[in-house]
Amino acid sequence: MSYLDDVSPGYGALPPRAAFSSDAPSLSLNGDWRFHLSPSLADAPPGIEQDTFDDSSWSTLAVPANWQMHGFGKPAYTNVQYPFPVDPPYVPSDNPTGDYRLTFDLPSAWLTQPAVLRFDGIDSCGRIWLNGTELGVTRGSRLPSEFDVGSLLRERGNVLAVRVHQWSSGSYLEDQDMWWLSGIFRDVTLLARPTGGISDYWLRADYDHTTGRGYLSVEVDGPAWLSIPELGILRASTDLPIDAGVVEPWTAETPRLYEGYLASDHERVPLRIGFRTVTIADGQLKVNGKRILLKGVNRHEHHPDLGRAVPYETALADVLMMKQHNINAVRTSHYPPHPAFLDLCDEYGLWVIDECDLETHGFSEVGWERNPSDDPQWEAAYLDRMKRMVERDKNHPSIIMWSLGNEAHTGRNLAAMASWTRSRDSTRPVHYEGDAACEYVDVYSRMYASHAEVDEIGQTTELPFIQCEYAHAMGNGPGGLLEYRELFEKYPRCQGGFIWEWLDHGIRQVDSEGRPYFAYGGDFGETIHDGSFVIDGLVFPDRTPSPGLHELKKIFEPVRISAPGAAIPTTQTHGTPGTANPAASKSPASSNSAETVAPQGDFDSPPPSTSPQAAPALPGGHPASSVSGGGDGEKGSLGAVDNLKVVVANHYDFSGLEQLSFAWKLEDEGVEVASGILHTPTVQPGQEVTLDLPKMPETQGESWVTVTATLAKDAAWANANHPIAWGQVNVKARQQTQGSREPREVPRDIGGIPIEAPKLDLWRAPTENDKPSDEETWRKNGLHRLQHRLISVEGGTTKTRVAPPARAFGMFVTYTWTGDETTLNLKVDIEPDGEWPGTLPRLGLRMALPKEYGNVEWFGRGPNEAYADTRQAAAVGRYKYTVDEMQTPYVVPQENGNRTEVRWAELTNDTGEGIRIEGDFEFTARRWTSEDLDAAEHTIDLTPTDWIYLNLDIAQNGVGTAACGPGVLPQYQLHAHKASIELTFTRLGS
Ligand code: IPT
């Protein structure tokens with residue numbers, strides 16, 4: 001058996017220890033190494049460890065790097081399935097083998113002391129030699145390994161040789177859903193280890209929330225002094241544990257670190273100490289005695305150009321972006337991150353579940369037969385991985401739980417990992433989602449449990465419950481976040497979770513015309529792959545935020561700004577099969593309180609004032625303004641503008657609101673007319689306060705006050721004025737004017753601007769969340785190939801029946817055009833004929849106008865895209881984008897860019913000529929059709945046409961998260977129903 005097939009963790013490495021810096025000399029061996037890739041071990045050159053080996057014909061490759069990202073071999077993506085036969089522990093003979101050589105010199109001082117050579121990550125197996133002597137073999141790609149090298153070093157011409165294999169027995173334990181990428185992808189460092197130095201330590205800093213005092217204990221492998229000047233502490237390690245006195249605790253919200261050091265006579269180690277205590281009590285996960293709510297994301301390490309060799313700046317950018325988007329927790333899916341990432345979490349404040357480098361998901365394809373998790377011969381490898389993680393990362397206050405790994409089913413080796421972990425570290429709970437029976441874990445963890453199931457779990461009271469993965473952020477989505485938040489806030493035991501996932505793992509490529517795009521599975525000619533399933537993040541591969549991140553930020557707001565007594569969610573119903581429900585099909589703009597000015601003409605009438613969301617009455621008989629924390633706002637009408645109130649609720653777990661400034665602004669149809677500061681008293685976590693807004697000046701059009709909470713001063717992770725939370729108060733409802741009423745023929749132009757006249761459209765390019773759920777039904781129903789039959793034309797009224805081929809159901813659609821010189825009115829009445837199975841992607845109209853009218857301004861919700869179940873982050877306002885800017889460049893093209901609750905939109909050319917559309921609609925504007933969008937596989941497949949296609953919708957179906965998880969919740973589903981839409985088109989400019 002070769003060392004590649006051996007199930008052991010490897011050989012030769014030193015026992016694991018903490019990762020830390022010290023004043024002992026260290027030498028980074030990162031940089032350009034000589035490199036040679038062979039297709040197999042058999043093809044690899046012999047003797048690479050010899051000083052005399054001639055590597056002059058080799059290439060150069062940077063360390064750290066994944067070789068596939070630099071032209072050696074190709075990346076390959078699979079999710080669950082192994083890309084090689086399931087034949088443990090054997091791997092293919094065609095096993096790409098990368099040979100690395102580095103020659104380096106050393107100052108002579110290095111030769112007088114012990115030294116270790118540290119590799120922070122080699123994927124998947126490395127055999128290492130220094131100056132011709134073998135140091136050992138290491139597996140465990142995302143874990144460190146160290147080798148004793150002091151006696152082998154010389155002043156000149158040290159030769160370090162590493163043979164790295166893409167596949168090894170370890171690959172069976174590393175079946176995470178990500179690109180298969182190989183090589184020395186994390187740092188390589190030579191560390192002097194002074195005799196009498198500190199080779200390992202574990203400083204525990206507990207916090208007693210009942211007394212406010214900190215307690216310090218240290219485990220160190222020799223006599224040492226602990227110094228924390230700020231606390232007046234200078235103690236011999238043998239005199240510990242000690243009471244550190246009253247301290248400020250560490251939390252993710254207040255990441256207070258005390259600087260100090262641990263020193264022996266020969267080495268000094270800088271410390272950053274965070275006092276905090278994690279417990280499980282009353283069935284809840286608590287830190288410093290308080291239940292915490294995890295507003296988390298799963299983070300893989302990926303860079304679009306560099307693979308898993310993620311630069312420090314990128315890790316820092318991730319942490320800053322997370323903090324800036326109200327994220328408070330990270331699960332390091334599914335392996336320990338680069339150690340520097342955890343320093344960043346300590347410093348900036350994120351709760352961390354540190355997860356071991358372990359996943360054997362591919363065995364699920366063979367019924368978990370021979371799964372290593374329950375096979376004793378793999379126990380050493382399992383324990384080795386856990387020990388290397390826990391020992392490396394034990395000093396981080398940010399880590400509040402250890403996770404055994406991901407998707408490795410269950411078995412004795414996992415139980416052994418848990419029991420070792422508990423015996424080694426009693427201060428942190430153990431997490432593992434695969435232990436469904438909770439036999440060896442401390443928290444109950446699930447992935448993608450539906451809302452209904454979380455509701456059920458919430459009603460039982462055993463262990464704390466978290467969703468280690470939920471809300472699959474693939475493509476357009478995730479939908480349904482609001483309803484998860486409600487459950488996490490309703491049940492003390494449901495303590496939040498981690499969105500799947502932080503980023504799209506796209507790989508940046510350039511096509512033959514030099515156009516950049518992001519590649520996914522299958523783009524590198526892989527024989528087996530899982531397509532775009534690796535593109536499921538809240539940020540795009542280049543880390544620009546997707547609309548999903550904006551939505552998440554809103555959902556995760558630690559301060560909530562709302563109306564007194566306002567219900568948080570609006571349940572929006574798009575009709576149920578077979579029912580005629582025009583009012584309920586409308587956006588919440590129709591769900592008005594009693595005094596809403598009813599739209600005139602033949603607009604859908606608003607529902608009666610018994611709307612469940614009707615705002616409570618204020619003294620004087622006026623309905624209160626409604627305040628929306630987002631897309632759930634209402635358009636209450638208000639006679640008086642001097643008695644507006646807002647409720648400010650503190651949803652932090654630990655912090656007051658002192659670090660925030662509150663301000664308000666009044667906008668008259670989206671144009672700011674007044675603004676001011678809103679003085680907010682201190683509000684304790686979990687408490688709320690009702691505040692009076694100042695008297696608002698008179699306005700003309702629909703008017704809203706927006707209240708924002710921003711950082712009062714610079715924080716470590718964002719500058720002063722960084723927005724944290726907002727809410728809107730309607731102060732004046734929309735006034736609508738009567739449109740012109742002379743009958744008109746179906747127009748071919750609007751004031752001379754040619755158009756393709758609006759026609760019923762039910763189709764959208766399926767999102768990746770539509771694909772596993774609704775798309776099949778939609779295609780079966782023929783929604784992508786509707787046929788329009790003319791029934792009659794009478795005056796300005798055209799009656800049609802629109803239906804798919806081969807199906808009996810259809811829609812009667814009546815278009816009534818009226819107008820005058822500059823204005824055209826269109827009323828469309830839609831009535832289903834027969835039973836429509838399933839949902840509809842959209843219900844509305846599609847029209848087109850020439851490409852030059854590409855400047856868009858609208859008054860409605862924005863600025864970002866929104867759908868029925870992803871609309872919390874969209875605020876009522878006036879926005880100006882170009883058509884091109886309105887596209888969301890999902891890596892896999894799909895429906896995107898919808899703007900909701902739009903009162904008017906103007907599309908103009910560069911000289912201000914164009915068309916204004918008024919009504920009450922959702923819209924998308926794009927330079928290609930939904931069919932083009934549907935057919936495209938990558939962003940570069942989309943070619944602008946001579947037209948701008950405009951969809952003006954009554955509604956679209958929600959988005960859901962069916963790519964992995966529940967589909968669209970019933971209240972956000974769009975079903976065929978009787979509905980009307982009325983639009984006014986006005987020619988703008990000359
Ligand atoms: C779950 C995996 O844990 C995660 O790595 C990722 O693959 C995710 O699915 C989907 O993107 S496992 C799945 C069976 C729920």
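Mentor: Start with a term. A salt bridge is a side-chain nitrogen of Lys or Arg within 4 Å of a carboxyl oxygen of Asp or Glu. Keep that cut-off in mind. Note too that this is a predicted model.

Now the layout. The protein chain is split into domain 1 (3-192), domain 2 (201-278), domain 3 (280-555), domain 4 (557-736) and domain 5 (749-988). Our part is the interface of domain 3 and domain 4.

Take its extent. On one side, 20 residues of domain 3 make contact; on the other, 18 residues of domain 4 do. Together the two domains bury about 1600 Å². Carbon and sulfur atoms account for 50% of that area.

Next, the links across it. Two salt bridges cross the interface of domain 3 and domain 4. Look at Glu-489 and Arg-560. Their closest N and O atoms are 2.6 Å apart. The limit is 4 Å, so the pair counts as a salt bridge.

Which elements build the domain 3 side? Those giving two or more residues are strand E25 (290-291), helix H1 (312-324), helix H6 (481-490) and helix H7 (547-555). H6 gives the largest share, four residues. Sorted by class, the domain 3 side has eight nonpolar, three polar and nine charged residues.

Stay with H1 for a moment. The loop between H1 and E27 holds Asn-326. Asn-326 is not a glycine, yet its phi is positive, about 65°. Then move on to the loop between strand E27 (329-331) and helix H2 (339-348), where His-334 lies. The peptide bond from Ser-333 to His-334 is cis, with omega near -20°.

There is another cis bond to find. It joins Pro-88 and Pro-89, and omega is about 0°. Pro-89 sits in the loop between strand E5 (76-78) and strand E6 (97-104).

Now step back to the whole structure. It holds 65 salt bridges. One of them pairs Arg-385 with Glu-174, with the closest N and O atoms 2.8 Å apart. This pair links distant parts of the chain, 211 residues apart. Arg-385 is in helix H3 (residues 379-393), while Glu-174 is in the loop between strand E12 (158-165) and strand E13 (178-180).

A search of the whole structure finds 33 aromatic pairs. Take Phe-20 and Tyr-201. Their ring centres are 5.2 Å apart and their planes lie at 65°, so the pair is edge-to-face. These two also link distant parts of the chain, 181 residues apart. Phe-20 is in the loop between strand E1 (10-11) and strand E2 (26-28), and Tyr-201 is in strand E16 (residues 201-208).

Methods: Residues numbered from 1 in each chain as written. Predicted model: local features only at pLDDT ≥ 70, side-chain atom pairs only at ≥ 80, totals over all residues. Heavy atoms only, no water. Domains from an automatic or database assignment. Contact = heavy atoms within 4.5 Å. Buried area = accessible area lost by both parts, 1.4 Å probe. Nonpolar A, V, L, I, M, F, W, Y, C, P; charged D, E, K, R; others polar. Phe/Tyr/Trp six-rings, centres within 6.5 Å; stacked < 30°, edge-to-face > 60°.
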